[in-house]
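The following exercises concern a single structure. Each task is followed by a solution in steps.

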Amino acid sequence: MNANARTSVIGRPVPLVDGVEKVTGKAQYTADLNARDASVGRILRAPVSHGNILGIDTSRAEALDGVLAVITGQDCDKTFGVIPIAMNEYPMARGKIRYRGEPVAAVVAIDADTAERALELIDIDIEELVPCYTPAESRAPEAPLLHDNKPGNLEREVHHTFGNVADGFGEADLVREEAFDCAEINHAQMEPHAALAEYDPERERLTLHSVTQVPFYVHLTLARCLDMDSSRVRVVKPYVGGGFGARTETLNFEIIASLLARKVGGKVMMQLTREESFLTHRGRPATQVRLKIGLTRSGKITAVECDVVMSGGGYAGYGLVTILYAGALLQGLYDISNIKYDGYRVYTNTPPCGAMRGHGTVDVRHSFECLLDRMARELGLDPFAVRRANLLQAPLFTSNGLMVNSYGLGECLDKVEQASGWAERKGKLGKGRGLGMACSHYVSGAAKPVHWTGEPHAVVSMKLDFDGSVTVLTGASDIGQGSTTIVAMAAAEVMSIDLGRIRVVTNDSVITPKDNGSYSSRVTFMVGNAAIEAAKALREKLINAAAELLDVEPQDVECEAETFFVKGSSQSELPFHDVAIAALAKEGTITVKGTFSTPVEAQGGKHRGGAVGSTMGFSYAAQAVEVSVDEATGQVTVEKVWAALDCGYAINPLAVEGQIEGSVWMGMGQGLCEETHYINGLPAHANLTDYRFPTIAESPPIEVQIVESIDPLGPFGAKEAGEGALSGFPPALVNAVADAVGMDVNFLPVTPDRLLAALIKFRRANRRKEATK
């Protein structure tokens, strides 16, 4: 759209349409659903990290009064997994245990106490095997294989080269190489996992209510694992209390609850504890990055070489996509012609990792922005100037086939530099205080879906009925990002009607059209475009009805503020209700549909794995972070953050600002304190007390700037806004710490104990240097 175009709904801050229910407690989450007539399901988890199951005896548990059924891995011989070519996980372990806490059996009983007692009565005979907790252990020559068909415990290795890397390094005036270590982290969403499954034995139908972000993928998996026709499966997503990627694939408890419900022919509620939710986390994997960059004296990047090793856990999950994303999105942010990437996703005896906000990109982007800053410092160049020296010129295709149609990074840099007072304040804040900056980007939805069916990526239906209301039906999952509001705003804007006239119905597979789900920031771009198309179709029917009433041609009719009139005339105005009644008189209830499919040119390069990273539009972000560091304790305090994000067009500026703040906040958690930690495979802090993340007490002022580059393919020009700013915070933080204390660190998170140990080592090294002079 034209940036100066007049709008009636979009471009204005609008409270989320489901906000009242959420803040008043009226919203029904999965665990809130009526389960008075439901049995209680519980899962027995493996007590070892690696072992062969020699036998499971459930007889004592089955004999306990109040136990309705017990199931084991023998009750489901179908594997599952989000990637069709990498389905290697069973709902409950069959034959082999690959991580401590893996489900091995499940019970359903009349109440929770009985279910818990039943778990204690199940006897498991296990032959323990040597566990491999790190990629180094898993890749050792003598390491036992977690999966017999994966030599060297490599889930996936990727080797991509674009341009001539050797020549690129030869053209550089400065070449530097460093290694970075980023800890595994958890989504730590507010709502624990839960599922309510009901099986109707008379009709042989299954209904599942769950916390999922991807109801369609859950639907497919349930049909597969329960060996049911998909027409007999119904999946409903209630309100979801946070996702961040934790629920972008079918999770074992959803299948287990469904198996139990079918076994007893009734309703089963499965509520996981916080510890179980941590075990079923699919978080960001522990990642080691070795990065080499070539730079000219003017700050131009000549070549990049990147080696990434990820600790994937016991099963595939999203792993092959994650390791591909890490390499693919080295491109698309800066103008770099020569890139070599080697990636290794390694199986380990820990809970499987998966997708997390900023999927695949955060740790590599952190490493890149840190090393680039250090090289700029060594060459005496300003960090902002170095980024400007490598800006892209849109539209273009990168060397790995990524399409870039809009690019507002330059404006983001300008806004952050000015707002933070960078030129006046950098290096002048005094001892223990510093400024750092970094850039980042992210996709607006994957151009190719996980399950390729040939269907449109998004479908939206709209219905106009006798009461004059417009009902929008969508399978898109609102997990707090405000997608339901965006769909309503798109419909209201196109049809020139009041937002209150619109109801949005979501996520019930027997009512709403299929949608691939909420992941990779796809919903606003894809579902937004589908909603616009549907609204245009409904508007056309109303315009035609108004034209007949006004006795003019349809092209002469305009509609504004629910009023139809002849263009250029102030007479013969018709209210919306009269036109709606006339349209309904012609055909009864009016139903229209809108779809969106990604253009072929957006679907990535032709090399193996080229589809991963492909998108219709990238968001771009720059941010500056100011910190204070207590050198006596190693405590880092974030004083203020300035963040600018190019979201194409801010359909709802209120939601965009919230998403940017949330991205910064989540990046702050990874940068300062968040990490999972295992002791002999057992999670050491699987609760929200011991797993440290920032609270409101630690949250600094965040000054948000919105940049609108107007993407030609986006809905009203919009792109994603919920992930692009995340991966810029950790490097901006580390760069600010370096400015404050004069020392670079190559680890995340920057916890007080780590930083203090590094400072002590740094000071000792400096004293030794002074002593040898």
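**Exercise 1.** How many bridges join S7 to strand S15, and in which sense do the two strands run?

*Solution.* The model is predicted: local features need pLDDT of at least 70, side-chain atom pairs count only at pLDDT 80 or more, and totals for chains, interfaces and linings use all residues. Residues are numbered from 1 along each chain as its sequence is written, and side-chain values use heavy atoms, with hydrogens and water left out.

Step 1. Strands (E, at least two residues) and helices (H or I, at least four) are DSSP runs, numbered from the N terminus; two strands pair if DSSP finds at least two bridges between them.

Step 2. S7 and S15 (residues 339-347) run antiparallel and are joined by eight bridges. Within this pairing, glutamate 157 stands opposite tyrosine 344 of S15.

**Exercise 2.** Describe how S10 is paired with S9 and with S11.

*Solution.* Step 1. S9 (residues 194-200) and S10 (residues 205-210) run antiparallel and share six bridges; aspartate 200 has arginine 205 as its bridge partner in S10.

Step 1. The two strands form a hairpin with four residues between them, and glutamate 204 in the turn has a positive phi of about 55°.

Step 2. S10 pairs with S11 (residues 233-236) in the parallel sense, over four bridges. Histidine 209 stands opposite valine 236 in S11.

**Exercise 3.** Is asparagine 735 buried or exposed, and which backbone oxygen lies 3.1 Å from a polar atom of its side chain?

*Solution.* Step 1. Asparagine 735 is located in helix H18 (residues 729-741).

Step 1. Its relative accessibility is 3%, so it counts as buried (buried means under 20% relative accessible area, exposed over 50%, partly exposed in between; 1.4 Å probe, protein chains only).

Step 2. The oxygen in question belongs to the backbone of methionine 437.

Step 3. Setting aside neighbours within four places in sequence, asparagine 735 is in contact (heavy atoms within 4.5 Å) with Glu369, Cys370, Asp373, Leu435, Gly436 and Met437.

**Exercise 4.** How many residues of H17 are buried?

*Solution.* Step 1. H17 (residues 653-672) has 20 residues and reaches 28 Å from its first C-alpha to its last, close to the 28 Å expected at 1.5 Å a residue; the expected span is 1.5 Å times one less than the number of residues.

Step 1. Of these 20 residues, 14 are buried, so H17 is largely enclosed by the rest of the structure.

How values were computed. Polar contact = N/O pair within 3.5 Å; in protein donor to acceptor, adjacent residues only side chain to side chain.
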